[in-house]
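User: I am new to this structure and would like to learn how to read it. Can we go through it feature by feature?

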Amino acid sequence: DRHAPRTTLGDYRKKARAIEAFDAEFYAADTRAVTPPGCYRLYLAMAKKRGLATAVGAMRILSAAFGHALRTGAIDERPNPCQKMRMETPPPRVRAGTIEEMTVLKAAADHLGRGDVRVMIELGLWTGQRQGDRREMVLAAETGTRVILRQSKTGAIVSIPASVFLVAALEEAKTIKRK
């Protein structure tokens, strides 16, 4: 799965499989047998043996599945057993690239004739936004000292310094045809 494309659905499947692999009996249980204490015990056990990030992710997916099933009537009306668990939040995973690495990545994209990839790298460096969000960003304004982008999905505004590199990337982005 490490090399599978990252999609929301793929992520849900991966986390569901983590629950199944960790506790097949819990995974196969009738939904009526799943209780808040049972969910919390599973979370604690997974956190201890598989790590906090895996446990939190798995429980969030389980909560989403229960929420959907309850909303659509697939299971009887009752509280979602995974809500309000007060889980510990894992620290963010940050992988910082060096200036040299980013320069090489951008040069490789240029060498391959992939200006679109270089633009995405530059936007990622300056905005810190996920790739899917960067693809859908809309230039809202340029003030000379700031670039203001709007996320098309949420409408959130991202205001960042107008670096020479970013402004050049945005200008180039205007000429790149979407595929």
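User: Which residue forms a salt bridge with Lys106?

Analyst: A salt bridge is a side-chain nitrogen of Lys or Arg within 4 Å of a carboxyl oxygen of Asp or Glu. Here Lys106 pairs with Glu122, and their closest N and O atoms are 2.8 Å apart. The pair links distant parts of the chain: Lys106 sits in helix α5 (residues 99-111) and Glu122 in helix α6, 16 residues apart. Helices (H or I, at least four residues) are DSSP runs, numbered from the N terminus.

User: What should I know about the model and its numbering?

Analyst: This is a predicted model, where local features need pLDDT of at least 70, side-chain atom pairs count only at pLDDT 80 or more, and totals for chains, interfaces and linings use all residues. Residues are numbered from 1 along each chain as its sequence is written, and side-chain values use heavy atoms, with hydrogens and water left out.

User: Are Lys106 and Glu122 buried or exposed?

Analyst: Buried means under 20% relative accessible area, exposed over 50%, and partly exposed in between (1.4 Å probe, protein chains only). Both Lys106 and Glu122 are buried.

User: How many salt bridges does the structure hold?

Analyst: It holds seven. One of them joins the side chains of Arg32 and Asp30, at 3.0 Å from N to O. Arg32 counts as exposed because its relative accessibility is 61%. Asp30 is partly exposed, at 39%.

User: Which residue forms a salt bridge with Asp110?

Analyst: Asp110 pairs with Arg118, with the closest N and O atoms 2.4 Å apart. Salt bridges that share partners join Asp110, Arg118 and Glu172 into one network. Arg118 has a relative accessible area of 16%, so it is buried. Asp110, at 39%, is partly exposed.

User: Where is Thr127, and which polar contacts does its side chain make?

Analyst: A polar contact is a pair of N or O atoms within 3.5 Å; within protein, one must be able to donate a hydrogen and the other to accept it, and residues adjacent in sequence count only if both atoms are side-chain atoms. Thr127 is in helix α6 (residues 115-127). A polar atom of its side chain lies 2.6 Å from the backbone oxygen of Leu123. The side chain of Thr127 also reaches the backbone nitrogen of Gln129, at 3.1 Å.

User: Why does Thr127 count as buried?

Analyst: Its relative accessibility is 12%, so Thr127 counts as buried. Contact means heavy atoms within 4.5 Å. Beyond neighbours within four places in sequence, Thr127 is in contact with Arg134, Met137, Leu149, Val158 and Ile160.

User: Which residues touch the most other members of the largest nonpolar core?

Analyst: A nonpolar core is a set of buried Ala, Val, Leu, Ile, Met, Phe, Trp, Tyr and Cys residues joined through side-chain atoms within 4.5 Å. The largest one has 20 residues, and Cys39, Met59 and Leu62 touch the most other members. Helices α1 (8-22), α3 (36-50) and α4 (52-72) each supply at least two residues. The most come from α4, with nine residues. A second, separate core has eleven residues, including Met137, Leu149, Ala169 and Leu170.

User: Which residues does Met59 touch?

Analyst: Not counting residues up to four places away in sequence, Met59 touches Cys39, Leu42, Tyr43, Cys82, Met85 and Met87.

User: Is Phe165 buried or exposed?

Analyst: Phe165 belongs to helix α8 (residues 164-173). Its relative accessibility is 52%, so Phe165 counts as exposed.
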